[in-house]
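Trainee: I am new to this structure and would like to know what lies behind the labels used for it. Could we go through them one at a time?

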Amino acid sequence: MEKRRIKKVAIIGSGIMGSGIACHFANIGVEVLLLDIVPRELNDAEKAKGLTLESKAVRNRLVNESLTASLKSKPSPIYDQKFASRISTGNIEDDLSKIKDVDWIIEVVVERLDIKKQVFDNIEKYRKPGTLITSNTSGIPIQFMNEGRSEDFQKHFAVTHFFNPPRYLKLFEVVPGPNCKAEVTDFLMMYGEKFLGKTSVLAKDTPAFIGNRIGIFGIMSLFHIVKDLGLTVEEVDKLTGPVIGRPKSATFRTVDVVGLDTLVHTSNGVYNNAKDDEMHDTFKIPDFVQTMMDNKWLGSKTGQGFFKKDKGSRDILVLDLNTLEYRPSKKVSFATLEMTKSVDKVIDRFKVLVKGKDKAGAFYRKTISSMFQYVSNRIPEISDELYRIDDAMKAGFGWEHGPFQIWDAIGVEKGIEMMKAEGFTPNVWITEMLAAGNSSFYSVKNGANYYYDIPSKSQAKIPGQDSFIILDNIREAKTIWKNQDASIQHLGDGVLNVEFQSKMNTLGGGVLQAINKGIDLAENEYEAVILGNQGPNFSVGANLAMAFMMAVEQEYDELNFSVKYFQDTVMRLRYSSIPTIVAPHGFTFGGACEMSMHADKVVAAAETYIGLVEFGVGIIPGGAGSKEMALRASEGLLKDDVKLNKLRDYFINVATAKVATSAHEAFDLGFFQQHKDLVVVSKERQLATAKRHAIQMLEDGYTQPVPKKALVYGQQALGMFLVGTDSLEKGKYASEHDKKIANKLGYIMAGGDLSEPTYVSEQYLLDLEREAIMSLFTERKTLERIEHMLKTGKPLRN
């Protein structure tokens, strides 16, 4: 197989998708050339400046405006704004010749075959033979795009379909052209997963590929039955959201965000090009949707869709699907949903939901049955392997479980019974599977996932897992210790993993006990410890509810002990005789951030949102975080004034509860350190990468670190902090209580009111930290803030 290195890519088309894709390649360190068309006329600003159509600023206006808009959008398409320097811009007329120097060309122009053909004609003039060339089309057949193309072009041509926004949605559909070389397909699949951090799904050149074919069917099917069952917009969104492992935006809210016109365009594409689809009529646009299209009620982009918010009003109005008039939203309640409240695991809820006796139960039986029939009939049309359909729905539509996984959860035979009762029929390969003695679509053997392979009528290993550690698959066999809130698994080679299993992975006494136990075991019987889990988020921080109860009941000795125990546990991560690694991802707040900062190494997922957020609930970081920020500001061979500026910046970050919006941004905020911490784009590879680094640290001869000293500036730094907090209060930017909290933080980070710069131990700062947090727990306003946060999930200003 020829060796490929992607050092530079060219992206043709700088719209929302083109700029988003450019940003994501810049995220992973690739140099990007982003090109678009030349404007045909001057705008008013250009005329005022005396520019002409030949001016470079004019000729590159469209591409530069598109990229600037993308970089300003929220959520950000880029891990760190400085990564934008990896993107250079230009226009197709002046700069297309530069594609001769790139390794991969991606076409992301408007979805019109004639325009794409013009672009490809021009690309052929400059493209170096062997260069990858792919299209981000979501529906134009490859055979049409291949017409008139050279043999070398066709051998290296495929569709690489990103989902919007490219940074956040993980689906990466690879659709090889009829003449595309197998090694090109293999490379694109590998690159998507390993380098772009995607779920690469091999798809066939069929209408809407896999993700949109199944996802749009689900939405259109729902559109057709919602009136039959007499369900409202808000009822459907309640039934199709987090309760079944789908995004909070559920169905109708998602359509509003994406745009009804986008949905209709994709659905029409399937309706017009998949005439043999047994559910062909499902893709026909219902009358109420057509009326919305005619009225330009397209969702967020036009100010109203299925939901509407009037200017100056907080109330959200909902579209009545019968009258097509807006009305106030109503509270939703179903007995079927009440039955699932005690079922923590989403996958275990489906059995309960399909047995419901109310409208909700009828809705689930009808929609799930139709989905089961549809996905079973799409094999081998859109994919030869069933797991690719599940992968596409999870990565592209944010489903926690794919349709075949849901079918397994209900039971294959039970699912067939339900389908028949609802008037649906599974494909014949399903009954053949059962007849061959296979009772499920998936199984786990030796820690690996297997799927039912239709041609061989047996379970086959899903490829590509050897680079992963999947805790769900090894937990039962590899757990060596556990309590109610955490467990310890032996990952092999003497490396232990401490997995948090409390609600939202909060850090209470059970988790702290597990961390200490893991370090004890590693120091005495094993070799290294990782703190890692594969939940939606690493941890939302310390168990605030427990601390709140102690404070309210004035059990201050017990509370002081708990704070000390947390500090001591965090410090053990730094000063033990074995390597410790923390593997954060998603929300990594408060105490979880403090743990990350004290490990020997952090192996962070790129999508890690980390910060010391304690100020939001009226306290300071009390698990060694305040101490650590003071220590980090003092490190290095910097002059005193530079260190004081750094100390001030860290103080502001903590006092404003600043959260990094990516792991890369966490380096800028001081939470991660370049000399020891690293970022992985693929969350699936995170634990395996952490294990590999633990082994390397052992092989390199790991030695327990020597205790550190922090240089603190005492009264000099304290004066700086007090002046700042005083001016914030006077300017009405901070309340009196905010000022009190900030001053306590300043006292810790200054090292107290020492008369001159002094080197102090970490324990000295920890004692100041604990003293400060204990005093705040006696404040009524602090307890009000914590109570408000526990009840509403939102901070209170008092």
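Mentor: Start with F120 and F153, which are both buried in this predicted model.

Trainee: What makes the pair of F120 and F153 edge-to-face?

Mentor: The ring centres of F120 and F153 are 5.4 Å apart and the planes stand at 70 degrees.

Trainee: What makes the pair of F404 and W429 tilted?

Mentor: The planes of F404 and W429 are at 45 degrees, with 6.0 Å centre to centre. Stacked needs under 30 degrees and edge-to-face over 60, and the rest are tilted, so that is the remaining class. F404 sits in helix α19 (residues 403-410) and W429 in helix α21 (residues 428-435), 25 residues apart. Both F404 and W429 are buried.

Trainee: How many aromatic pairs does the structure hold?

Mentor: It holds 34 aromatic pairs. There is also an aromatic cluster, formed by F25, W104, F162, F172, F187, Y191 and F195.

Trainee: How do you know that K341 and E338 form a salt bridge?

Mentor: Their closest N and O atoms are 3.3 Å apart.

Trainee: Why is K341 called exposed, and why is E338 called partly exposed?

Mentor: Exposed means over 50% relative accessible area, buried under 20%, and partly exposed in between. K341 has 62%, so K341 is exposed. E338 has 43%, so E338 is partly exposed.

Trainee: What about D649 and R648?

Mentor: Their side chains meet in a salt bridge at 3.6 Å, N to O. D649 has 37% relative accessibility and therefore counts as partly exposed; R648, with 34%, is partly exposed as well. Elsewhere, salt bridges that share partners join R40, E54, R59, E93 and D94 into one network.

Trainee: What makes the patch of E553, E555, D557 and E558 negative?

Mentor: Asp and Glu count as negative, and E553, E555, D557 and E558 form the patch. Patch residues need over 30% relative accessible area; D557 has 70%, so D557 also counts as exposed. D557 is found in helix α25 (residues 556-574).

Trainee: Why is the phi of A208 worth a remark?

Mentor: Most residues other than glycine have a negative phi. A208 is not a glycine, yet its phi is positive, about 65 degrees. A208 lies in the loop between β8 (199-202) and α10 (211-226).

Trainee: Is A208 buried or exposed?

Mentor: Its relative accessible area is 5%, so A208 is buried. K732 also has a positive phi of about 65 degrees without being a glycine, but at 75% relative accessibility K732 counts as exposed.

Trainee: Which peptide bond is cis at P75?

Mentor: The one that joins K74 and P75, with omega about -5 degrees. P75 is in the loop between α4 (61-72) and β3 (87-91). The bond from I379 to P380 is cis too, with omega near 10 degrees.

Technical notes. Residues are numbered from 1 along each chain as its sequence is written. This is a predicted model: local features need pLDDT of at least 70, side-chain atom pairs count only at pLDDT 80 or more; totals for chains, interfaces and linings use all residues. Side-chain values use heavy atoms; hydrogens and water are left out. Patches are made of residues with over 30% relative accessible area and no salt bridge: like charges are joined within 9 Å, nonpolar side chains (Val, Leu, Ile, Met, Phe, Trp, Tyr) within 5 Å. Accessible areas come from the Shrake-Rupley method with a 1.4 Å probe; for residues, only the protein chains shown count as cover. A salt bridge is a side-chain nitrogen of Lys or Arg within 4 Å of a carboxyl oxygen of Asp or Glu. The place of a charge is taken as NZ of Lys, CZ of Arg, CG of Asp or CD of Glu. Helices (H or I, at least four residues) and strands (E, at least two) are DSSP runs, numbered from the N terminus. Buried means under 20% relative accessible area, exposed over 50%, partly exposed in between (1.4 Å probe, protein chains only). Rings of Phe, Tyr and Trp (its six-membered ring) pair if their centres lie within 6.5 Å; planes under 30 degrees apart count as stacked, over 60 as edge-to-face and the rest as tilted.
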